[in-house]
Amino acid sequence: MSVMHWSVSYYTGLPEVDRQHEALFGLVNRLYDARGHRAELLEQAFADLRDYVREHFSLEEALMAESGIDAGYIARHHAAHENFVMRVDELWNFHRAGSESAADELLGFLMAWLREHILHTDRKMALEIHARMGTEAPHNQFAHF
Ligand SMILES: [Fe+2]
Ligand SMILES: [Fe+2]
């Protein structure tokens, strides 16, 4: 079952970022589906998502640095990424320690944070990158924040 659905409202116009966001949605759906199955399936789905998140955050931070975005902005965006990873790890550790609600809480947190972060923070980042790189922002991109 799909709990995260891709739509154009998440579009940043940065092809690799968009591709990775869509893949992240797919990994969250896989984690959702793995609940209630063998523990190894959930472990593997979580490990894959965790690795991909790291890779994705590195890409965004490299793009921000390359485009010459203000260092203070990059530091705040980086801190948001770090806080996310810390919370995800904390909830996963609760799950591993036997909490029955932690897996659901983790999924709820992942879905809400990713939607919010992409819609607001990443799209704003993309606008800044497009402005500095002289590239085109998608026309429907910033209709709302
Ligand atoms: Fe992102
Ligand atoms: Fe981000």
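**View 1. Packing of helices α2 and α3.** Helix axes are lines fitted to C-alpha atoms over the stretch in contact, and the angle between two of them runs from 0 to 180 degrees between N-to-C directions. In this predicted model, helix α2, which spans residues 39-67, packs against helix α3, residues 71-96, at an angle of about 175°, and the two axes lie 10 Å apart. Because angles over 145 degrees count as roughly antiparallel, α2 and α3 are described as roughly antiparallel to each other.

**View 2. Residues at the contact of α2 with α3.** On the α2 side the contact is made by Phe46, Val53, Phe57, Glu61, Met64 and Ala65, which meet Ile74, His77, His78, His81, Val85 and Trp92 of α3. By class, the residues of this contact divide into eight nonpolar, three polar and one charged.

**View 3. The largest nonpolar core.** Six residues make up the largest nonpolar core, namely Leu14, Val17, Met64, Met125, Ala126 and Ile129. Helix α4, covering residues 102-133, gives the most to this core, with three residues. Leaving aside neighbours within four places in sequence, Leu14 is in contact with Leu63, Ala126 and Ile129.

**View 4. The whole protein, for orientation.** The protein has four helices and zero strands, and reads α-α-α-α along the sequence. Buried residues make up 17% of the 145 residues, while residues 24 or more positions apart account for 63% of the contacts with a separation of 6 or more.

Key
Residues numbered from 1 in each chain as written. Chains lettered and ligands numbered in written order. Predicted model: local features only at pLDDT ≥ 70, side-chain atom pairs only at ≥ 80, totals over all residues. Helix = DSSP H or I, 4+ residues; strand = E, 2+ residues; numbered from the N terminus. Buried ≥ 20, exposed ≤ 12 C-beta atoms within 10 Å, placed from the backbone. Contact = placed C-beta atoms within 7 Å. Core = buried A, V, L, I, M, F, W, Y, C linked by C-beta atoms within 7 Å. Parallel < 35°, antiparallel > 145°, perpendicular 65-115°, else oblique. Nonpolar A, V, L, I, M, F, W, Y, C, P; charged D, E, K, R; others polar.
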